[in-house]
Amino acid sequence: MKLQVDGRKARGEKRRAEIIEATLRVIERDGVAGVTHRTVAAEAGVPTTSTTYHFSSLDDLLIATLISCARDMATEVYWMIDRARSRGSRGAEEVAGLLAEALGPRRGRTMAEYELYLLAARKPELRPAARRWLDVLTSMVRHDDEVAFRVFLAGIDGLLIQGLIDDEPPSAEELRPVVDYLLKPR
């Protein structure tokens, strides 16, 4: 028996993904305050009715965007952990490289993701989506010491925030000693 793919469902999922990507581009350019159904539709090159069909409210759109960011970050971290383990590394070099990428070439996207993340402090309905990346990360990384792991995550958040306000993004080489320190067994 051949499995039949529903073309409408696939097109709908593709359109949702395009709208979410457009939302991130709007946030990169204009901040969360610039997100409206109209601005996202224009960025995605679709009619406004398409954004309101897929996301009835702006909160629905922002939640979906946060969840998408968490999923993408989780995928990236998963493969980073896999590469580190295959090389027998503790991961300092890989984490420093990921941070340097986030603060250099992907700086705008990182700012957009943090702006969404911080919006959850003001909008409780966004909090579960904002916490999702921590939940995913916690489930992927084996750790024996909960306190040390939380210190590591807080340190990474701090490095990212500090890197975003630096005039020049730090390099992986500059970040590696700090990451190495955060990964030291206690």
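Ala17 is partly exposed, with a relative accessible area of 42%. In this predicted model, Ala17 is part of helix α1. The label follows from the cut-offs: 42% counts as partly exposed because that class covers values between 20% and 50%. If you trace the chain onward from Ala17, you will come to Ala64, 47 residues away in sequence. In space, the C-alpha atoms of Ala17 and Ala64 are 9.4 Å apart.

Now compare this with Ser50, which sits in helix α3, the stretch covering residues 48-54. Is Ser50 buried or exposed? Ser50 has a relative accessible area of 9%, so it is buried, the cut-off for that class being under 20%. Which residues does Ser50 touch, once its neighbours within four places in sequence are set aside? Its contacts are then Arg15 and Ile19.

With those two residues in mind, let's step back to the whole chain. The protein is split into domain 1, residues 1-56, and domain 2, residues 57-183. Between the C-alpha centres of the two domains there is a distance of 24 Å. The contact draws on 18 residues from domain 1 and 15 residues from domain 2.

How much area do the two domains bury between them? The figure is about 1400 Å², and 69% of this lies on carbon and sulfur atoms. On the domain 1 side, the residues that lose the most area to domain 2 are Leu24, Glu28 and Val32. Taken together, these three account for 36% of what that side buries.

There are polar features here as well. Two salt bridges are counted between domain 1 and domain 2. As for polar contacts, five residue pairs are found across the interface of domain 1 and domain 2, with both residues of each pair at pLDDT 80 or more.

Which elements of domain 1 give two or more residues to the side that touches domain 2? They are α1, spanning residues 7-30, and α2, spanning residues 37-44. Of the elements, α1 gives the most, with nine residues. Sorted by class, this side of domain 1 has nine nonpolar, five polar and four charged residues. That brings us back to helix α1, where we began with Ala17.

Technical notes:
Residues numbered from 1 in each chain as written. Predicted model: local features only at pLDDT ≥ 70, side-chain atom pairs only at ≥ 80, totals over all residues. Heavy atoms only, no water. Helix = DSSP H or I, 4+ residues; strand = E, 2+ residues; numbered from the N terminus. Buried < 20%, exposed > 50% of the residue type's maximum accessible area, 1.4 Å probe, protein only. Contact = heavy atoms within 4.5 Å. Domains from an automatic or database assignment. Buried area = accessible area lost by both parts, 1.4 Å probe. Salt bridge = Lys/Arg side-chain N within 4 Å of Asp/Glu carboxyl O. Polar contact = N/O pair within 3.5 Å; in protein donor to acceptor, adjacent residues only side chain to side chain. Nonpolar A, V, L, I, M, F, W, Y, C, P; charged D, E, K, R; others polar.
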